[in-house]
Every structure is written in C-alpha cells, then in structure tokens.
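This briefing covers pairs of oppositely charged side chains. Please look at the sequence and the model first.

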Amino acid sequence: MLDENEQVSFRSAYQVNQGFKLILRTVLNKMSSTSRRASATQESLHRIFTIPEAPDSTLGVIEKEMSENLLGFLGQHIVAVEKPLNEIEKDFASSALPEEPEFVSDHMHHLLNKLVAQSVHTSSPSFIGHMTSALPYFILPLSKLMVGLNQNLVKIETSKAFTPLERQVLGMMHRLVYGDDDHFYQQWMHSANHSLGAFCSGGTVANLTALWVARNNLLKADGDFKGVAREGLYKALKHYDYEGLAILVSERGHYSLKKSADVLGIGQESVIAIPTDEHNKIDIAKLEQKCQELTRNKIRILSLVGVAGTTETGNIDPLMQMAEIAERYDTHFHVDAAWGGATLLSNKHRGLMAGIELADSVTIDAHKQMYVPMGAGLVVFKNPASVSAIEHHAEYILRKGSKDLGSHTLEGSRPGMAMLVYASLHIISRQGYEMLINQSLDKAQYFADQISAHPEFELVTKPELCLLTYRYVPKEVQAMLEIASDEQVEVINSLLDKLTKFIQKRQRENGKSFVSRTRIEVSRYQGKKVLVFRVVLANPLTTKEILNDILAEQCELASESKQYLPELLAQVAKVSV
C-alpha cells in the first residue's frame with residue numbers, strides 16, 4: 001500500500017509539470033536547430049541493443065518524468081480538446097516501410113506530437129466513462145522489467161520462474177472464487193496434467209476458453225466417436241443425436257459470447273438472449289421456460305452464462321438460482337465476472353456475488369478493478385481436470401507430462417502479465433483492494449444521490465457496483481413525463497435522446513471530463529430504449545468535487561443547446577395544452 005506521503009503525491013500527480021515542459025521545449029529546440037541524419041550501420045544497430053539513451057536526451061527526460069510523475073506527464077502531453085479521427089488518420093496515412101533509420105530522440109518527438117498528444121487520458125480522475133482507470137505508480141517500472149525480461153509463457157524453456165508464478169496467481173484467483181483448502185491447492189496448483197485456469201489477453205478470450213472447455217467436455221469421445229476436437233461439430237451432433245447447441249445468457253450479456261459461438265462453430269444465433277427484469281438481471285422464470293423448450297426440441301444447452309457486473313448497468317444476475325437450473329439440466333455454468341469479479345476481494349460486498357462459487361468456470365479481468373495494465377484477463381475452472389478437454393501437444397515445444405502453460409491455453413506465445421497481478425496482490429493486498437472497492441461503491445452511491453436530488457437530472461439505473469446510468473431531464477419535462485400518454489412519452493424521450501447525445505459529445509470535445517453514453521431499455525417507459533449517460537467510478541483519484549463539477553458542466557452544456565432544448569420545451573408546452 002502507499003504510505004501517507006505517497007498518497008499525497010499520487011493525488012496531486014495529475015497537475016501539469018511546467019518545469020518539465022520548459023526542459024523538453026529547450027531540448028527539442030536544440031534538436032531542430034541541428035541538422036543531422038541517422039544511418040543504418042553495424043555500429044549503430046549494435047548501439048541500439050546495448051547502449052541506453054543519455055539522461056539529458058529526449059527519451060531520457062521522458063523516462064525520468066514518467067517515472068516521477070506519470071499522471072503529470074500524461075496531463076502535460078495529451079491534448080484535451082478532441083481532434084477528429086479523420087484528421088489524426090492523416091498522420092498515419094503512409095504504408096511505405098521506412099528505408100532509413102531515425103534517431104531515437106527524433107522519433108520520440110514524433111510520437112509525442114502525433115501519437116501521445118491524440119491518445120486518451122484514461123487515468124484522468126475526470127475520465128469516468130469507461131472501465132479503464134488509473135494505474136498505481138509501481139506498475140510502470142515493473143512493466144519495464146517485464147518487457148525487458150521478454151518471457152514467453154507458452155513453455156518453461158522460455159519462461160522458467162514465470163510459469164510457477166502464473167500457476168500461483170491462478171491458484172490465488174481460484175481460491176478467491178471457490179475458497180478450497182490448502183490441501184486442494186497443494187495437490188493441483190502445480191500439477192503437470194491439470195490447470196486451475198488460464199491467463200488470457202482479456203475477457204473475450206477468457207469467455208471463449210470457458211465455452212471451448214464446455215463444448216469439448218460435452219461432446220467428448222464416446223465409443224467409436226473420437227470427440228468433437230478430433231471429428232468436428234457435425235459428427236459430434238450426429239453421434240449424440242442433438243439438433244443443435246445453445247448458450248443462454250441475459251440480454252445484457254457481453255458481445256464476446258457471440259464471437260465465441262462463431263469460433264466454436266455453433267453459430268451466433270445459438271446464443272439466446274433471455275429478457276431481464278426491471279433490475280437488469282436475467283428473468284429466472286423465462287430462463288427456465290427457455291430451457292424446457294430447447295430440451296423438448298433436442299437442442300442441447302451447452303452453457304448457462306451468468307453475468308456478474310453487466311457492462312452497461314453493472315448489475316449481477318441471480319447466480320444461485322442460475323446454478324440450480326444449470327444443475328437440473330446438467331449443463332456447464334459459466335459466470336462472466338470480467339467486471340465485477342474483483343468485488344470478491346471486499347469482505348463487505350462479496351455477498352453480492354453469492355452463487356459464483358457454484359460456477360464451473362469464472363472470467364475475471366485483472367485490468368479492470370484490479371488496476372493492472374490492459375491485457376490481463378483470466379478464467380478459472382472449479383474442476384482442475386476440466387481443461388484436459390482442450391489439452392494439446394507438439395513434440396518440438398509442448399511435450400506430454402511437461403508443466404508448459406501453453407498446453408492448456410488458446411493463445412500460444414504470451415507475455416508474463418501474471419507478474420503484474422502477482423505484484424499488485426502483494427503490494428496492495430486484499431485489504432487494500434477492499435478499501436479501493438468499498439470507496440468506489442460508496443462514490444457511486446454518492447453520485448447517484450446527487451443525481452436523484454438534482455432537479456435537472458434523472459437517475460435511470462441505481463448502482464449495484466460502481467457503475468450507473470442517468471440523463472439530463474429538465475424538471476418541467478420530468479413532471480410532464482409523469483402525466484403524458486405513451487405516445488407523448490415516446491416523442492419526449494426521442495428529443496431527450498438527442499439532447500443527451502449533444503451534451504455527451506460536447507463534453508468529450510471540451511476535454512475537461514468524459515462520460516460515455518449507451519442505449520438501454522427502461523421498464524418505466526414500457527421497456528422502450530432511451531439514451532443515457534454511463535459512468536464508471538473505479539478511479540481512486542476521482543473526488544466528489546469532480547463529480548459535482550461534471551453535473552454542473554452538463555447543465556451548462558444543456559443550456560447552450562440552441563436546437564434540442566428549445567425543441568424539447570416546446571414539445572412539453574404543447575403536451576400541457
């Protein structure tokens with residue numbers, strides 16, 4: 001955990017470092033005034049691999065500033081005002097391969113101006129629109145170490161100690177979900193023929209891996225049939241006398257599940273969306289009905305997928321009840337907890353995930369609420385033998401009986417991202433993560449309360465985790481929506497959609513803050529979809545003052561609308577007449 005002085009430094013790090021700006025400008029001016037040209041020689045290539053840049057070079061100055069004040073560096077160099085994508089594309093329009101080399105410092109100047117300046121400041125405390133957040137300061141040097149080591153986790157020969165480290169991290173995450181005892185992990189964590197899970201580049205590959213395991217275990221070898229992995233889906237369905245396979249998930253399920261169905265050969269239409277209730281959770285009665293219907297028609301249910309933290313509203317399905325249905329229909333129960341899984345680190349709130357321990361597999365993204373960089377997803381399996389269904393070997397690299405991680409993963413060559421999760425679990429600790437998660441949920445509740453109390457805003461979905469949705473609705477419009485006919489409500493909501501889009505785009509372009517937008521069904525409007533602001537309050541640097549400022553800015557932007565707000569108020573006046 002950060003000590004008190006470090007916390008103060010971290011909170012203030014986003015402020016602009018004017019001293020660095022002056023130094024960098026001096027260096028760049030000196031560079032531009034000196035005509036020089038790089039050349040590709042044996043000596044220059046050898047230098048690139050062996051001799052670091054001087055401390056006073058552009059790269060040296062950048063490294064120093066990033067190490068001491070990452071948020072300040074990002075705030076300094078990322079341009080706040082949005083530049084149109086078609087303008088940015090002009091800087092990356094040539095497909096010609098560079099024939100001559102550039103000096104490192106010259107190229108860094110190019111990257112600062114053309115790439116960094118037009119990147120997204122995801123760690124800004126006022127960037128609350130998506131699930132990407134600030135990173136702890138220790139991640140930067142550790143990432144540099146990880147890249148420098150350049151380990152390949154496909155095989156022990158290219159990773160050595162990283163292999164048992166990754167297995168240990170998978171054991172920790174498995175224990176977080178399933179809570180088995182020491183004996184269980186001593187038996188299975190480092191077993192060559194078993195795996196408690198798999199590290200992946202993200203939730204999409206994690207979900208695919210879970211469903212791949214489910215498919216191969218369901219359509220396994222039987223008698224003369226060699227299994228779906230050997231003979232394919234057509235022969236598998238024919239052997240088992242199934243008319244097809246189905247994956248059942250709520251209509252809030254992640255789009256990665258359709259990708260998985262496509263890759264696994266069962267088709268996107270086999271992913272069946274079950275309606276949700278007024279709380280954006282899967283409707284258990286309708287899920288049961290669909291299971292009965294499919295079974296009657298000889299459609300085998302490959303998996304029920306529970307969502308623990310929907311990407312749009314942050315809600316959690318009734319996992320306990322879903323587990324009971326999965327057991328009744330003898331089907332794989334997978335929980336997509338890519339977003340909400342980290343909540344298990346909070347003793348105060350882990351009860352929200354009740355039933356997750358009954359899942360056959362669980363997806364968690366460490367690059368979300370565990371505050372490590374992008375590219376750290378994972379899936380854990382309740383049964384260590386489950387992954388044998390996807391085991392694969394090659395004589396030159398993945399030999400039978402070895403502890404090579406690549407034998408049980410979809411991806412072959414992979415970096416050692418588990419090291420960053422390992423370090424974060426030790427430096428932040430479970431107690432530290434609990435504090436971060438509790439603060440995020442408290443912050444979301446605070447923001448929801450501010451929205452509800454504000455006369456010009458409407459809270460659309462209450463926060464179950466640290467994600468909520470709302471929209472700007474003038475108080476006179478709110479009053480009219482209470483008495484308007486269904487047809488009038490539809491017209492008013494259509495105009496509110498336009499106003500919401502206007503405010504969100506203008507706020508993004510202004511560059512002071514950012515919220516995202518999405519379109520969701522709202523039960524009080526007969527299940528019709530409306531456009532809403534969506535915020536994610538996971539950044540520990542986001543303050544209550546920042547949240548209040550965001551609402552104030554949205555009110556100002558609404559008043560600046562020369563088209564949508566007057567049109568909306570005119571419509572309301574017409575309805576009242």
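**Salt bridges in a predicted model**

Glu63 is partly exposed, with a relative accessible area of 34% (partly exposed lies between buried, under 20% relative accessible area, and exposed, over 50%, using a 1.4 Å probe and protein chains only). The model is predicted, so local features need pLDDT of at least 70 and side-chain atom pairs pLDDT 80 or more, while totals for chains, interfaces and linings use all residues. Residues are numbered from 1 along each chain as its sequence is written, and side-chain values use heavy atoms, leaving out hydrogens and water.

**Overall count**
- The structure contains 24 salt bridges, each being a side-chain nitrogen of Lys or Arg within 4 Å of a carboxyl oxygen of Asp or Glu.

**Lys144 and Glu63**
- A salt bridge joins the side chains of Lys144 and Glu63, at 2.3 Å from N to O.
- Lys144 belongs to helix H8 (residues 139-149) and Glu63 to helix H4 (residues 58-68), 81 residues apart; helices (H or I, at least four residues) and strands (E, at least two) are DSSP runs numbered from the N terminus.
- Lys144 is exposed, at 52% relative accessibility.

**Glu458 and Arg524**
- Glu458 and Arg524 form a salt bridge through their side chains (3.1 Å, N to O).
- Glu458 is in strand E8 (residues 457-461) and Arg524 is in the loop between strands E10 (516-522) and E11 (528-536), so the pair ties together parts 66 residues apart in sequence.
- Glu458 is buried at 11%, whereas Arg524 is partly exposed at 42%.

**Glu521 and Lys529**
- The closest N and O atoms of the salt bridge between Glu521 and Lys529 are 4.0 Å apart.
- Salt bridges with shared partners connect Arg252, Glu312, Glu521 and Lys529 in one network.
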